[in-house]
Amino acid sequence: MSPPLIATLLCRAQVGLDAPLVQVEVTVTSGLPAFQLVGLPAAVVRESRERVRSALLSSGFEFPSGRIIVNLAPAEIPKEGGRFELPIALGILIASGQLRQTAAWLSAGYELYGELGLGGEVKPVRGIVLAAAHASRDGHELIVPAANADEALIAATAPVRAASRLKEVCLHIAGETQLPIRMPVMAEGACESPGVQPDMADVRGQLQAKRALLIAAAGSHSLLMIGPPGCGKSMLAQRLPGLLPRLTESEALDCASIASVSSAGFSMSAFGRRPFRSPHHTASAVALVGGGAHARPGEISLAHRGVLFLDELPEFDRRVLEALREPLESGVVRVSRAAAHADYPAEFQLIAAMNPCPCGHLGDPAGSCRCTPTQAQRYRERISGPLL
């Protein structure tokens, strides 16, 4: 009896800002119908079996009736997300003999990413910038969803192929057609200015505040603006990124990598632009610093190489503000959880704004402040001395 065929395809997991290589091993043997997925998969990865089954049938293939075993190696690395569905589906087709691999395919060393729709569509996934950067270091070409192609080209130095449907990838593997090649086009050096940003030239007056922003921008200093409501604190803070130098390619890639693994994902329109993050004062410490079940980056890491603006500073929870002190000094935040550990860069410029008193009109000639000196002092004491 000949040993079962084992199909092996490449993908990458995402652990913090690391993207370890994962071998997707698939074998189909005789026996009672079963689909076993091993290798520390998360719940969303285990659910992929139903999407893979429907995608194969919708693409004109048969779903094997035997025992299917999918191993995501190495087993000790947690796997999450829908990125493994495309290599799993292709592995089933190769292991069951429905798809033959050409010599060109075997020698290219492709990495494959993509979530599958029930109709065989290849849908975008999160973290492609990070995966493309690591794949380029190993000299691997990539096959990614068409919606992720531009994102992959940011970090890739090897050709990137874009796929919209599972059937297209199968025809490429069999050598019948070729997926279109998208070549990296970025050149070394500073990024082009990305769109129109708020400009300091729009501000009339405010000479003292403008001077303070210029000094803060020149020396990467933190800045606290105190003034009555409507005097322009938020408007001035939004224009600080326009005073900072353009990001270099490596700096822009760092920012894009962090954004790509965040909950919101990466937007191509933000590439090359200095981050400006302005969380609401009800944000938790996890949202601001990072963490959660999967150790995601927080607002301070998403503001890396840019500006973190905290409006209504005294309204933030004191423990949340105190959590900023260590990252401000070290430029790195270390997120430790029972199932995951990650280090995220956090070299941000902190700009904050607050009112001078609870009513906001202390010292304002146009307002009538009725706060007592004790109330105003208590309001300012919400900010600890070490943070100030």
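Q: Is Leu-388 buried or exposed?
A: Leu-388 is exposed, with a relative accessible area of 65%. Keep in mind that this is a predicted model.

Q: Where does Leu-388 sit?
A: Leu-388 is in the segment after α15, the helix that covers 373–380.

Q: Which residues form a nonpolar patch with Leu-388?
A: Leu-224 and Ile-226 do. Together with Leu-388 they have about 280 Å² of accessible area on the surface.

Q: And Ser-384, buried or exposed?
A: Ser-384 also lies in the segment after α15. Ser-384 is buried, with a relative accessible area of 5%.

Q: What is Ser-384 in contact with?
A: Arg-318 and Glu-322, leaving aside its neighbours within four places in sequence. The C-alpha atom of Ser-384 is also 8.7 Å from that of Leu-321, and those two residues are 63 apart along the chain.

Q: Glu-322 meets which residue in a salt bridge?
A: Arg-325, with N and O 2.5 Å apart. Glu-322 is partly exposed at 23% relative accessible area, and Arg-325 is partly exposed at 35%.

Q: What about Arg-319, which side chain does that one meet?
A: Asp-317, in a salt bridge of 3.4 Å from N to O. Arg-319 counts as exposed at 67% relative accessibility, while Asp-317 is partly exposed at 33%.

Q: How many salt bridges does the count come to?
A: The count comes to 15. One of the salt bridges joins Asp-138 and Arg-12, whose closest N and O atoms are 2.5 Å apart.

Q: Which parts does that pair tie together?
A: Asp-138 is in the loop between α5 and β8, and Arg-12 is in strand β1, so the pair ties together parts 126 residues apart in sequence. Arg-12 is buried at 3% relative accessible area, whereas Asp-138 counts as partly exposed at 43%.

Q: Which residues are linked in a network of salt bridges?
A: Glu-251, Asp-254, Arg-305 and Glu-347.

Q: New topic: how many residues does α8 have?
A: Helix α8 has 13 residues, 207–219. From its first C-alpha to its last it reaches 19 Å, close to the 18 Å expected at 1.5 Å a residue.

Q: Which residues of α8 are buried?
A: Ala-209, Lys-210, Leu-213, Ala-216 and Ala-217. They cover an arc of only 125° around the axis, so they are on the same side of α8.

Q: What is exposed on the other side?
A: Leu-207, Gln-208, Arg-211 and Ala-218 are exposed there.

Q: What covers the buried residues of α8?
A: The cover includes β11, α9 and β18.

Q: Which residues does Gln-349 touch?
A: Gln-349 is in strand β18. Not counting residues up to four places away in sequence, Gln-349 touches several residues, among them Ala-216, Ala-217 and Ser-220. Gln-349 is buried, with a relative accessible area of 6%.

Q: What is the phi of Ser-220?
A: Ser-220 follows α8, and its phi is positive, near 55°.

Q: Now the whole protein: how many helices and strands?
A: The protein has 15 helices and 18 strands. Its C-alpha atoms fill a box of roughly 90 × 40 × 35 Å along the principal axes.

Q: What share of the residues is buried?
A: Buried residues make up 48% of the 388.

Q: What share of the accessible surface belongs to carbon and sulfur atoms?
A: 52% of about 18,300 Å².

Methods: Residues numbered from 1 in each chain as written. Predicted model: local features only at pLDDT ≥ 70, side-chain atom pairs only at ≥ 80, totals over all residues. Heavy atoms only, no water. Helix = DSSP H or I, 4+ residues; strand = E, 2+ residues; numbered from the N terminus. Expected span 1.5 Å × (residues − 1). Buried < 20%, exposed > 50% of the residue type's maximum accessible area, 1.4 Å probe, protein only. Arc of directions from axis to C-beta. Contact = heavy atoms within 4.5 Å. Patch = residues over 30% accessible without salt bridge, like charges linked within 9 Å, V, L, I, M, F, W, Y side chains within 5 Å. Areas by Shrake-Rupley, 256 points an atom, 1.4 Å probe, with all protein chains shown as cover. Salt bridge = Lys/Arg side-chain N within 4 Å of Asp/Glu carboxyl O.
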